[in-house]
Amino acid sequence: METDRFQRYKKALEGYSDYAAAVKQAEAEVSLPFYAGLYLHTFAPAITAFAGWVLDEAAKSGKKRLYFLSRDGWQPYLAAQALAERRGLAIECRYLHVSRYCLRVPAYHLHMESGLEQICAGGIDVTPEKLLKRGALTEAECMETAARLGLQEVYRDILHYHQIKKLRHILEKDDGFLRYVEKHSKESYADAMGYLEQEGLLSDVPYALVDSGWVGTLRRTVELLVQSKRPQLCVEGYYFGLYEIPAGARPDVCHTYYFAPSRGLKRKVLFSNSLFEAVCSADEGMTTGYFTSGGQFFPRQEKTGFNRQQMQCCQQTLLLFLRHYEEKRKQDAVKPMIERLFTTLMSRPSEIEVNSFGNLLFSDDVREEGGSRLVSDLTEEEIKNQYILRKLCIIAGLKKAVIRESAWIEGSIVKNGIKKGKGGDSRYVKRKLFHIRLQKCLVYARKQIKSGKKRK
């Protein structure tokens with residue numbers, strides 16, 4: 001099984017001699033654990049290609065500085081540093097300690113409407129408690145607000161899309177909640193702005209941000225903050241992929257590599273952004289805010305991040321790959337190779353791949369409290385609740401059930417098939433994977449149509 005999977009990846013690398021040679025030489029130099037071997041064949045080439053493309057685009061547009069946003073930007077930062085040095089480019093690569101949470105909180109009071117939109121965004125296993133804590137409320141403030149709004153009994157209940165929307169309408173009319181959000185936002189504003197200014201984001205140096213992407217809210221938040229001091233400053237972003245962009249954001253400043261809001265439907269359907277994010281990360285904890293010491297601003301971070309040991313292994317494997325990699329082509333030409341690699345790994349995983357990556361801890365919430373396994377252990381019924389028609393019936397209240405999400409649903413389907421003795425490549429599994437692809441296709445097609453209308 002292991003040999004068969006690696007042969008598939010090696011076949012996808014055929015015709016791309018610079019990538020295939022780097023993988024082969026890295027394998028020969030060090031005996032890697034299976035997890036790192038999978039990373040070497042799939043993620044290392046993709047991250048290197050993305051970093052090379054970012055440098056190409058930055059050079060064309062005259063950028064002098066690139067900020068790689070923590071933590072998804074760490075591995076592209078390492079690759080870009082190595083490639084920029086070899087190319088002799090006068091582009092400075094910097095690593096910026098940020099998170100959605102630590103920048104959203106100080107920005108809430110600048111635009112409360114978009115702040116409420118972010119507080120009441122959907123996600124995996126969203127509860128009223130999570131929504132209130134996104135507003136930076138203390139535990140006591142959360143409990144007081146929940147009591148006032150009659151949320152005690154459903155405080156930790158999982159909400160679906162329409163329930164979140166309903167709660168948003170309640171929160172936006174609650175003066176007590178809004179006062180708490182505004183208070184905490186103003187308290188954190190000075191330190192956040194001090195850090196951004198210290199790192200040069202208010203300077204006249206032409207720069208851009210680099211991030212994995214998905215929705216692009218972090219770039220929009222950075223822009224909102226820096227424009228509070230310099231209204232004419234425009235912040236551009238380079239992304240691995242974007243499903244959509246936030247309301248009010250300019251599409252022309254959001255540059256994408258693998259897929260964009262208005263194109264790349266097939267790639268979106270056969271891709272797992274949660275798996276990408278869990279693997280392509282840094283081993284540090286989340287940045288929760290900023291503090292001053294000796295006249296300088298520093299990030300305040302959680303003591304440990306998720307999957308520390310695996311992330312350190314990924315980093316060393318990437319550096320090993322880069323040591324042997326010799327750039328021979330424009331990085332745009334590498335996208336078909338990446339598509340074949342990621343389609344095999346992400347949308348058609350085998351048992352060995354699910355076992356290698358499925359136990360990684362992951363959280364899609366801005367506060368990242370707790371985290372859960374990337375591959376949730378779902379029953380057959382819970383998987384069927386993900387099918388488009390059944391999901392719509394549950395959301396509409398026509399069927400009574402709780403929608404349990406999995407960050408990597410394809411991995412959960414394979415795991416369920418193995419548990420039931422069907423095997424990871426059986427008709428049972430393939431049928432369920434088909435339904436999930438159909439559901440994702442309809443969701444992303446709708447987003448693309450919506451994005452096309454916005455651009456017009």
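**View 1. Helix H5 (residues 74-87) packs with helix H15 (residues 308-324) at an angle of about 20°.** Their axes lie 10 Å apart, each axis being a line fitted to C-alpha atoms over the stretch in contact, with angles running from 0 to 180 degrees between N-to-C directions. That makes H5 roughly parallel to H15, a label for angles under 35 degrees. Helices here are DSSP runs (H or I, at least four residues), and strands are E runs of at least two, numbered from the N terminus. This is a predicted model, in which local features need pLDDT of at least 70 and side-chain atom pairs count only at pLDDT 80 or more, while totals for chains, interfaces and linings use all residues. Residues are numbered from 1 along each chain as its sequence is written, and side-chain values use heavy atoms, leaving out hydrogens and water.

**View 2. Here are the side chains where H5 meets H15.** From H5 come Trp 74, Gln 75, Leu 78, Ala 79, Ala 82 and Arg 86. H15 brings Cys 314, Gln 315, Leu 318, Leu 319, Leu 322 and Arg 323. Contact means heavy atoms within 4.5 Å.

**View 3. Trp 53 and Tyr 257 form a tilted aromatic pair.** Their ring centres are 5.4 Å apart, with 45° between the planes. Rings of Phe, Tyr and Trp (its six-membered ring) pair if their centres lie within 6.5 Å; planes under 30 degrees apart count as stacked, over 60 as edge-to-face and the rest as tilted. Trp 53 sits in helix H4 (residues 43-61) and Tyr 257 in strand S5 (residues 254-259), so the pair ties together parts 204 residues apart in sequence.

**View 4. Both Trp 53 and Tyr 257 are buried.** The relative accessible area is 5% for Trp 53 and 0% for Tyr 257; buried means under 20% (1.4 Å probe, protein chains only).

Note on methods:
Angles under 35 degrees count as roughly parallel, over 145 as roughly antiparallel, 65 to 115 as roughly perpendicular and the rest as oblique. Buried means under 20% relative accessible area, exposed over 50%, partly exposed in between (1.4 Å probe, protein chains only).
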